[in-house]
Every structure is written in C-alpha cells, then in structure tokens.
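Please examine the sequence and the structure shown here.

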Amino acid sequence: MSQYTQPQQPQQPYAPAQAPGTLPARNGLGVAALVLGIIGTVSGLIPFFFWLAGIIGLIALILGLAGRGRAKRGEATNKGVTTFGAVLGLVALVLSVVGAVLTFKAVDDVVTDINKAVQESSASAKPAAAGEGAAGGTEGKDDVLRQGDSAVYDDGLEITVGAPAAYTADEFAVGHTKGNSAWTISVVIENKGKEKFDTALVGVDARAGADGVDAEQIFDGQIGAGFDGTVLPGRKITAKFAFDAPADAGNLTVEVSPGFDWDASQWELKL
C-alpha cells in the first residue's frame, strides 16, 4: 500500500497589520489654505477686488492656523504648506486693506472734482452797462436777468441775450401758429476763459406770457439754425432764435443752457 502525500498548499503573502492608533494624514486644511491664499493674494493685486481678497484671505488664514494645529498634534504632515497658506492669507488681508484705502481715496477725489466743477460752473448775473441793450443798466440791478444782461460763469464763459424783436415768419415756417406773434432774440456767447468752448450742447428755450406756456421755436429759411462750431478763447459767437408766442403775451422767458457742466440761466424779456 502506497503512502499518499498531500501536496503542500502555497503560503499566502503576509500583510502586516496596521499599527493600532495610526490614522491617515489629514492634510486637507493645509492644501485649502494654500490654494485660497494664492487666490486671495492675486485678487489683492487687482484694482477694486480688495473685498474679494479680504474674504478669501481671512478664510485662508483661519484654515492655515487650523492646519498648523493638526500638524502639531501629528494629524497632518504638511506643516510647511499649511504655514505658507496662512502667510498668504495674511498677505491677502493686508492687500485688501491697502486696496480699500486707495479705492475710497480715489472715489473721494472724483467726488471732490465733480463738486468743484459744479461750483466753478455756477452763473452770476452781470447787468448790462449803461447804454447797452433795451434795459440800459437799471433793470439788471436785481437778481433777474433782463435784455442786454449777461450771465457770467466762473470759467470765463459769458452769455448775453438781447431785446426781442418782432419777426415775420415765411409761409413755410415750422413752429409758427397762425394768429400768434413771432419774436426773435439774439444770443451772444463770449469765451473769456482759457479753454475752447464747444457749442454743440447749447440749448435755448422760451416760455411766453404770465402762464408760462411753451413758446415753440420757429424754423424757416432764414432762422433756426442755432449755434455751430467751437468758440476759441477770446472770441465770441452770435446766433438768432425765433419763438412763437400768444398774441397777447407781454413777456418772454428765455432759458439758455450752455451744456451739462453749466447751470442754465434765464432772462425775463418784455415784449
């Protein structure tokens, strides 16, 4: 009887058991702090993104400090990355403060410049000298501008409106109503400043009578073109305007607006 020998089974490879109490490294906070710190620092270098740099920088700093705590307890192995992320978060916060200061200063400078420009563009009444215009020099003594008076602006711009004169509009006129009266006025713009003045935005409007109804501007083959071109320093330009008013209107209120940067001025003219 032959003896049966059972074949020997191959041995399974030995897997060393994990040491009790050992956990995987928790490096997530350090990595997040580094990424956010980089984003926050870059945001702090971009104008008007100081607010984003402040928010992201604060989060990066908090995560970095928390990650350093993990590293000290042995729960994380990226102490250097965590520290660098916290430092970048602090840098982002500093850049955020600097950006906020610069932005607020820039806005304040712009507001100051706008207020200064508005104040400099305010008009003051300059009565006509004796013998000038229908008003002489007497009617301009109050705060109301009369025919022949000038509105003088602080930048050297000076606008003068002359006395109204009766006008006969032609048969093809636009803006004239049958039965109403037509009146012309001359408007003179003199540039006594140092910069050239563009007349493109000059507006001239009128109201007629005690009720202040709109006096429509008249356009025909002879009048209505208005101002055109630029007035150089030391020069002046004159244009005539015609307005349609009720036949019984006793006065015409003319308003001249030099442009967006100037206050409009008004003249009370007797018809």
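The points below are grouped by topic.

This is a predicted model, in which local features need pLDDT of at least 70 and side-chain atom pairs count only at pLDDT 80 or more, while totals for chains, interfaces and linings use all residues. Residues are numbered from 1 along each chain as its sequence is written, and side-chain values use heavy atoms, with hydrogens and water left out. Helices (H or I, at least four residues) and strands (E, at least two) are DSSP runs, numbered from the N terminus.

**Salt bridges**

- The whole structure holds 5 salt bridges, a salt bridge being a side-chain nitrogen of Lys or Arg within 4 Å of a carboxyl oxygen of Asp or Glu.
- One of them joins Asp 109 to Lys 105, with an N to O distance of 3.4 Å. About one helical turn separates Asp 109 and Lys 105, because they stand 4 residues apart in helix H3 (residues 79–120).
- Asp 109 is partly exposed at 33% relative accessibility; the classes are buried (under 20% relative accessible area), exposed (over 50%) and partly exposed (in between), computed with a 1.4 Å probe on protein chains only.
- Glu 158 and Lys 192 form another salt bridge, their closest N and O atoms being 3.1 Å apart. Glu 158 belongs to strand E3 (residues 157–161) and Lys 192 to the loop between strand E5 (181–191) and strand E6 (197–198), so the pair ties together parts that are 34 residues apart in sequence.
- Within this pair, Glu 158 is buried at 9% relative accessibility, whereas Lys 192 is partly exposed, with a relative accessible area of 47%.
- Lys 236 and Glu 190 also meet through their side chains in a salt bridge (3.9 Å, N to O). This pair links distant parts of the chain, 46 residues apart, with Lys 236 in strand E11 (residues 236–245) and Glu 190 in strand E5. Lys 236 is exposed, at 54% relative accessibility.
- A network of salt bridges links Arg 26, Arg 73 and Glu 75. Arg 73 is located in the loop between helix H2 (50–72) and H3 and is exposed at 54% relative accessibility.

**Polar contacts**

- The side chains of Arg 73 and Glu 75 are joined by a polar contact of 3.4 Å. A polar contact is a pair of N or O atoms within 3.5 Å; within protein, one must be able to donate a hydrogen and the other to accept it, and residues adjacent in sequence count only if both atoms are side-chain atoms.
- Ser 265 lies in strand E13 (residues 265–270) and is buried, with a relative accessible area of 6%. Its side chain makes a polar contact of 3.0 Å with the side chain of Tyr 153.
- Gln 147 sits in the loop between strand E1 (123–126) and strand E2 (150–153) and is buried, at 8% relative accessible area. A polar atom of the Gln 147 side chain lies 3.4 Å from the backbone nitrogen of Lys 270.
- Val 144, also in the loop between E1 and E2, is partly exposed, with a relative accessible area of 32%. Val 144 and Gln 266 are 122 residues apart in sequence, yet their C-alpha atoms are 7.8 Å apart in space.

**Nonpolar cores**

- The largest nonpolar core has 29 residues, of which Ile 185 and Val 256 touch the most other members. A nonpolar core is a set of buried Ala, Val, Leu, Ile, Met, Phe, Trp, Tyr and Cys residues joined through side-chain atoms within 4.5 Å.
- Two or more residues of this core come from each of E2, E3, E5, strand E7 (203–208), E11, strand E12 (251–257) and E13. E11 gives the most, with 5 residues.
- Beyond its neighbours within four places in sequence, Val 256 is in contact with residues including Tyr 153, Ile 159, Val 187, Ser 265 and Trp 267, contact meaning heavy atoms within 4.5 Å.
- Another core, of 7 residues, lies apart from the largest one and includes Tyr 167, Ala 169, Ala 173 and Ile 223.

**Strand pairing**

- Four strands form an open sheet in the order E8-E7-E12-E13, with antiparallel pairing; two strands pair if DSSP finds at least two bridges between them.
- Strand E8 (213–214) and E13 are the edge strands, each pairing on one side only.
- The antiparallel pairing of E7 and E8 runs over 2 bridges. Arg 207 has Asp 214, in E8, as its bridge partner.
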